[in-house]
Every structure is written in C-alpha cells, then in structure tokens.
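Dear colleague,

Please find below the structure that I am handing over to you.

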Amino acid sequence: MAARTRSPSSRCLTWLGAALTAAAVLALLYELSAALQAGEWRIVPAGEIWFTLHTASLNLVQAIVQRYLHPFLWDPVIAGFLQWPLWASFGGPGIALLTIFGSRRAR
C-alpha cells in the first residue's frame with residue numbers, strides 16, 4: 001500500500017501543535033520550579049509570564065487592539081485569556097492540533 005502524502009498546511013499545523021505543546025511543557029516546568037522555590041503552588045497566569053518576558057510588547061498589543069480593533073476585544077476577551085495558566089492556554093490547542101493533524105501511520 002502506497003504511503004499517503006500530507007499537505008503542506010497539515011504539516012505546518014502539526015509543527016504548530018508541537019511548538020505549542022513544547023511551550024506548554026516549558027511553562028509547566030517554569031511553574032513547578034517557581035513552586036519549589038516558593039514552597040507553595042501558585043498558578044502563574046499567561047499575562048504575568050508575558051509581562052516578565054517583554055513588557056513593551058504586551059503594552060503595544062494592548063494599545064493596538066484597543067485603538068484599532070475594539071476595546072471589548074481586549075477586556076474581557078484577551079485580558080481574560082491572559083489570566084489562564086500558560087500551560088493550559090498553549091497545551092489545549094497544541095494537543096488538539098497534534099491529535100487532528102498529527103502523523104497518521106499505517107497500522
């Protein structure tokens with residue numbers, strides 16, 4: 001039986017799923033290391049990690065969304081999303097993409 005070739009978009013979405021899943025694992029490891037240092041578990045929101053990594057880009061995205069798209073889109077939609085843990089925000093879509101577009105090998 002000949003092997004089926006996957007479309008370039010399917011491969012791209014598989015890579016995106018793998019990247020999101022890897023970022024989710026890194027975020028979970030960051031949260032675990034912070035919990036070990038503090039001695040207690042605290043969920044670290046995605047917005048806090050973004051603020052820590054690059055404050056200027058977070059402020060720029062907020063200004064662009066509120067000024068050029070719609071203020072409602074920033075608060076409550078994006079601001080609510082930024083309050084979720086980063087590992088959940090990236091892990092769910094990443095696993096979904098890998099499940100849907102992942103490699104389908106012959107059995």
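**Helix packing in the predicted model**

The crossing of H1 and H5 is left-handed. Please bear in mind throughout that this is a predicted model.

To place these two elements, helix H1 spans residues 8-38 and helix H5 spans residues 86-101. Their axes come within 7 Å and cross at roughly 150 degrees. Angles over 145 degrees count as roughly antiparallel, and H1 is therefore roughly antiparallel to H5. The residues that form the contact of H1 with H5 comprise 16 nonpolar, six polar and one charged.

Leu36 lies in helix H1, and it counts as exposed because its relative accessibility is 73%. In sequence, Leu36 and Thr5 are 31 residues apart, while in space their C-alpha atoms are 46 Å apart.

The pairing of H2 with H3 can be described in more detail. The axes of H2 and H3 come within 5 Å and cross at roughly 120 degrees, and the two helices are therefore oblique to each other. On the H2 side, the contact is made by Gly47, Trp50, Phe51 and Leu53; on the H3 side, it is made by Thr55, Ser57, Leu58 and Val61. Sorted by class, the contact of H2 with H3 has five nonpolar, three polar and no charged residues.

Helix H3 runs over residues 55-69 and helix H4 over residues 71-81. Their axes come within 6 Å and cross at roughly 130 degrees, which means that H3 is oblique to H4. From H3, the residues Leu58, Val61, Gln62, Val65, Gln66 and Leu69 take part, and they meet Pro71, Leu73, Trp74 and Ile78 in H4. This contact of H3 with H4 divides into eight nonpolar, two polar and no charged residues.

With kind regards

Terms used
Residues are numbered from 1 along each chain as its sequence is written. This is a predicted model: local features need pLDDT of at least 70, side-chain atom pairs count only at pLDDT 80 or more; totals for chains, interfaces and linings use all residues. Side-chain values use heavy atoms; hydrogens and water are left out. Axes are lines fitted to C-alpha atoms, for helices over the stretch in contact, and angles run from 0 to 180 degrees between N-to-C directions. Helices (H or I, at least four residues) and strands (E, at least two) are DSSP runs, numbered from the N terminus. Angles under 35 degrees count as roughly parallel, over 145 as roughly antiparallel, 65 to 115 as roughly perpendicular and the rest as oblique. A crossing is left-handed if the near helix is turned anticlockwise from the far one by less than a right angle, and right-handed if clockwise. Ala, Val, Leu, Ile, Met, Phe, Trp, Tyr, Cys and Pro count as nonpolar, Asp, Glu, Lys and Arg as charged, and the others, Gly among them, as polar. Contact means heavy atoms within 4.5 Å. Buried means under 20% relative accessible area, exposed over 50%, partly exposed in between (1.4 Å probe, protein chains only).
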